[in-house]
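Please work through each task before reading its solution.

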Amino acid sequence: MRRNGFERPLNPMQIGTWALLPLLLLQFLFFASPILPIAASIPCTIVVFLCGFSCAYYAYWVCITDPIDRRLQCHLQEAENNDGENNNIQNRNGNTEVTDDNDQTKFCWVCSLDVHELSMHCKFCNKCVGKFDHHCHWLNTCVGKENYDFFFRAVGSTLALVIVHGSVLAGLVISFFVQYSHAQKYGRIDGSIYDRSNHWFNANDGVAVAIVNIVFVVIDAACIVLLGQLFLFHIKLRREGITTYAYIIRDGHRKRDLSKQKMELERRRITAIQQAERDKDII
């Protein structure tokens, strides 16, 4: 049974997630901050690193928080402590909570236990998750009632990071090539982004610096599209008060209903054609 997102085996997508974050921050620190004007470099760097810290903080809590169904957690604690009279469990903040026996339940055949009605058994984590939303492969853990808010904030923080990171890099790339074109015609532009790029760590190759920034602009753009869709999707879910799993089930029912309607319309159409053919023969 997986208790948190840091337990082995680690997921390749999870490793990529945790590798990308420091990569974005280091890239900005070495390829953007030294090239920006000092008046913009300091605030932009602070904003980017604050977004990065926020992203890492909330992602960490998503991974470390166990979203297990509380009835299952209570059952496991009782089995471990051999104390059948203790029906208390502790949440992530260490506060004691008591399961409500009046909650609607259902039986999980895998866990062999009555769990909350909205709980679902995750085959990846091998446990029932309270108010199951989905299993996140990028964080290698389930998202449920206990860690959903952390997940939502992690997605929002990551989206803010790539928007700020990508916007600054895009501005640098555009300014560099505009000034590069100008320098080819009129000579060196002292104190410009073009000039600072050429003097970047005495490399004397501003074009190479610009190419690195272009690569990360493309990465940021892809992340913005994916994370933007995900963030808007979860805003919609929060407004409707449903989980991702409930949305998928509802969407599946809707598609099946539409399919049945189409089949019924097609059946009626065929029946009408056959009736018209019979009426034609009679006439």
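**Exercise 1.** Determine whether Lys131 counts as buried, partly exposed or exposed.

Solution. Lys131 has 39% relative accessibility and therefore counts as partly exposed, where buried means under 20% relative accessible area, exposed over 50%, and partly exposed in between (1.4 Å probe, protein chains only). The model is predicted: local features need pLDDT of at least 70, side-chain atom pairs count only at pLDDT 80 or more, and totals for chains, interfaces and linings use all residues. Residues are numbered from 1 along each chain as its sequence is written, and side-chain values use heavy atoms, leaving out hydrogens and water.

Next, locate the residue: Lys131 sits in the loop between strand 6 (127-129) and strand 7 (134-136). Strands (E, at least two residues) and helices (H or I, at least four) are DSSP runs, numbered from the N terminus. Finally, inspect the backbone: the phi of Lys131 is positive, near 45°. Most residues other than glycine have a negative phi.

**Exercise 2.** Classify Asn140 as buried or exposed, and state its phi.

Solution. Asn140 belongs to the loop between strand 7 and strand 8 (141-143). Its phi is positive, near 60°. Because its relative accessibility is 5%, Asn140 counts as buried.

**Exercise 3.** Which peptide bond is cis, and where does Pro9 lie?

Solution. The cis bond joins Arg8 and Pro9, with omega about 5°. Pro9 lies in the segment before helix 1 (12-31).
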